[in-house]
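Hi everyone, thanks for coming. Let me put the structure up on the screen, and then I'll walk you through it.

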Amino acid sequence: MAEDLNEEIKKIAEKIPGCLYASLVGYDGISVAQYVIEANFDVNLYDAELSSLLLTSKEIRKNLNLGVETELIWLTQNAFFIIQPVGEDYFIYTCLKPIGSNPGVARIEMNKAKQRLMDIIYPKSST
């Protein structure tokens with residue numbers, strides 16, 4: 001399972017111009033799979049901190065009755081994050097360069113990969 005998840009994350013990251021890395025993370029902040037192209041920082045720390053952001057977002061969404069969260073886009077001076085939930089327990093995100101990246105391609109590739117990731121994480125029982 002872990003090898004399959006790592007391969008899917010790698011495929012996503014390699015298809016996105018300007019991608020620094022891609023990660024699949026549990027809402028508990030633990031990295032499940034990641035693929036780093038270029039990063040001069042601790043990606044595991046980013047995974048943990050972004051889980052805090054997602055938990056806060058989840059709580060706000062529930063308090064304001066905003067429905068199902070489909071995507072969070074966060075642009076900072078140093079990075080462009082596109083974050084999408086994968087089931088109830090995980091999220092996937094890409095960290096892009098703030099200039100010269102392609103967020104549109106990132107969104108497309110992440111959307112295409114989400115079902116494959118769901119099938120690996122939550123396999124259907126054969127009953």
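**A walk through the model**

Let's start at a turn: in the hairpin of β1 and β2, 4 residues sit between the strands, and Gly29 there takes a positive phi near 90°. A quick word on what we're looking at: this is a predicted model, where local features need pLDDT of at least 70, side-chain atom pairs count only at pLDDT 80 or more, and totals for chains, interfaces and linings use all residues. Residues are numbered from 1 along each chain as its sequence is written, and side-chain values use heavy atoms, with hydrogens and water left out.

When I say helix or strand, I mean DSSP runs numbered from the N terminus: H or I of at least four residues for helices, E of at least two for strands. Strands pair if DSSP finds at least two bridges between them. Leu24 stands opposite Ala33 in β2.

Okay, zooming out. The protein has 3 helices and 5 strands, and from the N terminus on they go α-β-β-α-β-β-β-α. The C-alpha atoms fill a box of roughly 45 × 35 × 25 Å along the principal axes. How does the radius of gyration of the protein sit against a compact globule? For 127 residues such a globule would have a value near 14 Å, and the protein has 14 Å, which agrees. That radius is taken over C-alpha atoms, and the globule rule is 2.2 Å times the number of residues to the power 0.38.

Contacts next, meaning heavy atoms within 4.5 Å. Of the contacts in the protein with a separation of 6 or more, 55% are between residues 24 or more positions apart.

Now the two ends of the element list. Helix α1 (residues 2-15) and helix α3 (residues 103-121) have axes that come within 9 Å and cross at roughly 175°. That makes α1 roughly antiparallel to α3. The axes are lines fitted to C-alpha atoms, for helices over the stretch in contact, with angles from 0 to 180 degrees between N-to-C directions; under 35 degrees counts as roughly parallel, over 145 as roughly antiparallel, 65 to 115 as roughly perpendicular, and the rest as oblique. Among the residues that meet are Leu5, Ile9 and Ile12 in α1, and Met110, Ala113 and Leu117 in α3.

On to the other strands. β3 and β4 run antiparallel with 4 bridges, and a hairpin joins them through 4 residues. Leu72 has Ile83 in β4 as its bridge partner. On its other pairing, β4 meets strand β5 (residues 90-96) in the antiparallel sense over 7 bridges, with Cys95 in β5 as the partner of Phe81. That hairpin has 3 residues between the strands, and Gly87 in the turn has a positive phi of about 70°.

Is β4 buried or exposed? In strand β4 (residues 80-86), 7 of its 7 residues are buried, where buried means under 20% relative accessible area, exposed over 50%, and partly exposed in between (1.4 Å probe, protein chains only). In a regular strand, side chains alternate between the two faces of the sheet. Here both faces are covered: Phe80, Ile82, Gln84 and Val86 on one side, Phe81, Ile83 and Pro85 on the other. Across the protein, 39% of the 127 residues are buried.

Last stop: Asn65, in the loop between α2 (43-63) and β3 (72-75). Its phi is near 55°, a positive value in a residue other than glycine. Asn65 counts as exposed because its relative accessibility is 69%.
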